[in-house]
2 protein chains.
Amino acid sequence: MASQQFDPPSGTRDFLAGDLRVREHVFAAIRDVFQRYGFEPLQTPAFERLETLTGRYGDEGDKLIFKILRRGEHEASGDADLALRYDMTVPLARVVAAYGSQLPMPYKRFVMGPVWRADRPGRGRFREFAQCDLDVVGSTSPLADGEVVCAIADALAAVGLGDYTILINSRRALTGLLRAYQVPAEVGGQVLITLDKLDKLKPDEVVGELVDERSLDPATAEALVGDLTAADAVDRLRAALADDEDGRAGLAEVDRVIESAAPVAGAERLVFTPRLVRGLGYYTGIIFEVVAEGMPGSIAGGGRYDHLIESLGGPDIPAVGGSLGVERIIGLLSAEAVTAPRLDVAITVMSDEDAAAAMDFAARLRHAGRSAEVYLGSSRKLGRQLRWAAERRARYALIYGQQERDAGLVTVRDMDSGDQQQVAPDQLAVVIGA
Amino acid sequence: MASQQFDPPSGTRDFLAGDLRVREHVFAAIRDVFQRYGFEPLQTPAFERLETLTGRYGDEGDKLIFKILRRGEHEASGDADLALRYDMTVPLARVVAAYGSQLPMPYKRFVMGPVWRADRPGRGRFREFAQCDLDVVGSTSPLADGEVVCAIADALAAVGLGDYTILINSRRALTGLLRAYQVPAEVGGQVLITLDKLDKLKPDEVVGELVDERSLDPATAEALVGDLTAADAVDRLRAALADDEDGRAGLAEVDRVIESAAPVAGAERLVFTPRLVRGLGYYTGIIFEVVAEGMPGSIAGGGRYDHLIESLGGPDIPAVGGSLGVERIIGLLSAEAVTAPRLDVAITVMSDEDAAAAMDFAARLRHAGRSAEVYLGSSRKLGRQLRWAAERRARYALIYGQQERDAGLVTVRDMDSGDQQQVAPDQLAVVIGA
């Protein structure tokens, strides 16, 4: 049999204990932060009705939805009626629609769990991967924007990522930008899509695309790109936006979120970034992206999306949220970053007659909160069993042979120093501290 | 729009914060116990290759597998190539085959997570539900059997279920039973399937089925059922089994597991139950089932299955394991059984100008480990915001108006007593203890 038949399906992973330790460490640290902010956990099913998901992610997204065949008599039809969740936002919209009055308002929720996309698997790209979102649904307050940014900053600190910058802009500032530079309204959206490439392409290339593909006149394209990429871009853009109503409103949004997030993230990490577009799609207010030194792309992002829940089939309710790139964050942490807890006690078994005593010692230690394992192999040789204790990285080993049985004592061996002492069984949990 | 369009798919559930608290409490308590026993966590993908799952669960089981359509150019074919996992045992067999030498041996692993079955949804029966399994792979030691039983007993105690009985039998004792009562070998398996109904049917009905459907002669059927249901069934069966080699070996297995589990479960909870069959299928040694007073069916069960992993496509390796009925256990706990942690501090916002101060107070408290929420509504009235603080079940509310601003202090209101005091911002985390 080919050995790959035992691999997990393409684009998915098995997580053994070491991997899970790192993942759980990251999830627990983030969960702890979000709960301190008063965000509540939510868990929705792995699959949704197919019609809940289709048409929500554009043509490209729709192709990546994993569809589940109808069962029973309908199976032969080859039709699907369910689909694995593609993200956490559509389920959120459904939950807000379904439980509206049962939810606290504003509804502050976070979610951490797998989503599934039938993407082409590749380095760092999976078909099953964890998403971590937090959202405030039902508040238009700029403080809600600030809370989302702060919670993400605190979560990054909690997982040990301190060297990051939060790029901040506003959808309204972008509207003002287009007007301030006299970009024709009909090409505005397309121009922003091109400007979004300023972090990847050279300024000249962006100017070229604006002129060639977006039909912008060269002088406007040069001015726009020149100002956005200048050393004093922020000053130039603040001046330009100040002349436009949306521009001023957008600047005020940016300044308010920077002010409210500064106590947590530090003002120096919060950077007004006029060229930040963030795909544009559904955002209506503040947008932000977190970048880290030496890493391409972003490790977190989000923004305000006041009409998205309605467009996904939910009620018309304002919302602001963010997403942490947990898989990328986990990828940054080495397995050694989260040390495995040591086994407290490895209990040897010197003869079949002593098995019950071994189980009794194990029970005493476990009830006192220590971790303990009993030797489950067939050897009755001490040397073999002490090697097992060392492989299990035990702090102590217990030895109970004829001599100990006669004395009513048990030998406790310190696996690091090799020191041994004999103690009464009811003193085990005292001698072997937590 | 019909409101049920926002329900989760049939047979699945959305878990809001209160439900998740109970579930997480149960999972965490069990996880803690299993880790004290040295079991390692494992997590496999939600789906497996279709061929990994089909043919493993019998015809009835196969019908309940959720199949996932092929994507891309093959989608139109209506063929499936993946399927949602149906249990945790087939993925375990695949993992043991895939990672053999990387795993500690014996490999003691536990797993908690959802599985999916296209069953007809009903009261207490779901299409997405959690399973919780623990297994020892690679040990033939009877101590491994004992460890599994002990870990399950300790886990039940940890979730607050103390009033249970562990029924114990052995596959070899059943082989001996059939021989001791001279049941023809060719109907042995069928006879056991009928005897398995002794916990649901009356003895007469079981005798009737043995005679009518299993072709057992009436005298044998009467003797078998009479002895198994007698007040002194255990004595009668011990005597009968003592004359048969498999019977004696089975009794020894039962006695050893009772002896080794007694320090944890208590000898009075461990009951040799000669009529226990447990579906028979793949078990090769000890079998057990945990029943609780007043509850139909079982809340846990398991046994030794030395050739199952091989039959599922893995290596031929001995194993013993058990499964906790976590959904049933969760169903026994009311939401009130796990009290929600209270919000430590609700922070009011008296004017837009004070918003940054509110965020600063929140940051100070959160960094000191307290949970804190900032008011995100539009009202600037104190009464409205104190009602919000009460709704959020906050221990304290902070008030920061003009008077406080002038004094450089903040008012801390005890939400239970109504007492108020003014403190300096840097004293907040001192005044508001953990």
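Biologist: What covers the buried residues of helix α6 (residues 171–180) of chain B?

Modeller: In this predicted model, the elements that cover the buried residues of α6(B) include the strands β7 (164–170) and β9 (286–292), together with the helices α7 (188–195), α10 (233–241) and α11 (245–265), which belong to chain B as well.

Biologist: What makes α6(B) a mostly covered helix?

Modeller: A residue is called buried if 20 or more other C-beta atoms lie within 10 Å of its own, and nine of the 10 residues of α6(B) are buried. These are B:R171, B:R172, B:A173, B:L174, B:T175, B:G176, B:L177, B:L178 and B:A180. Just after this helix, B:Q182 takes a positive phi of about 55°.

Biologist: Why is helix α6 (residues 171–180) of chain A called largely enclosed?

Modeller: Nine of its 10 residues are buried, and therefore α6(A) is largely enclosed by the rest of the structure. The buried residues are A:R171, A:R172, A:A173, A:L174, A:T175, A:G176, A:L177, A:L178 and A:A180, and among the elements of chain A that cover them are β7 (164–170), α7 (188–195) and α11 (245–265). The residue A:Q182, which follows α6(A), has a positive phi near 50°.

Biologist: How do you know that the two copies are related as by a two-fold rotation axis?

Modeller: Chain B can be laid on chain A by a turn of 180° with a shift of 0.0 Å along the axis, and the RMSD is then 0.0 Å. The two copies are thus related as by a two-fold rotation axis. The same surface serves both copies, since 100% of the contact residues of chain B recur in chain A.

Biologist: How do you know that the span of helix α14 (residues 355–367) of chain B agrees with what it should be?

Modeller: At 1.5 Å a residue, the 13 residues of this helix should span 18 Å, and because its end C-alpha atoms are 18 Å apart, the two values agree. Furthermore, 10 of the 13 residues of α14(B) are buried, so the rest of the structure largely encloses this helix. Among the buried ones are B:M359, B:F361, B:R364 and B:L365. After α14(B) comes B:G369, with a positive phi near 90°.

Biologist: Why does A:K63 count as partly exposed?

Modeller: A residue is buried with 20 or more C-beta neighbours and exposed with 12 or fewer; A:K63 has 14 inside 10 Å, so it counts as partly exposed. A:K63 has its place in helix α3 (residues 58–63) of chain A. Its C-alpha atom is separated by 8.8 Å from that of A:D119, a residue 56 residues apart from A:K63 along the chain.

Biologist: At what angle do helix α8 (residues 203–212) and helix α9 (residues 218–229) of chain A pack?

Modeller: They pack at an angle of about 145°, with their axes 9 Å apart, and α8(A) passes α9(A) in a right-handed crossing. Where they meet, α8(A) brings A:P203, A:V206, A:V207, A:L210 and A:V211, while α9(A) brings A:P218, A:A221, A:E222, A:V225 and A:T229. By class, this contact has eight nonpolar, one polar and one charged residues.

Technical notes
Residues numbered from 1 in each chain as written. Chains lettered and ligands numbered in written order. Predicted model: local features only at pLDDT ≥ 70, side-chain atom pairs only at ≥ 80, totals over all residues. Least-squares fit on C-alpha atoms with pLDDT ≥ 70 in both. Contact = placed C-beta atoms within 7 Å. Axes fitted to C-alpha atoms, helices over the stretch in contact; angles between N-to-C directions. Helix = DSSP H or I, 4+ residues; strand = E, 2+ residues; numbered from the N terminus. Left-handed = near helix turned anticlockwise from the far one by under 90°. Nonpolar A, V, L, I, M, F, W, Y, C, P; charged D, E, K, R; others polar. Expected span 1.5 Å × (residues − 1).
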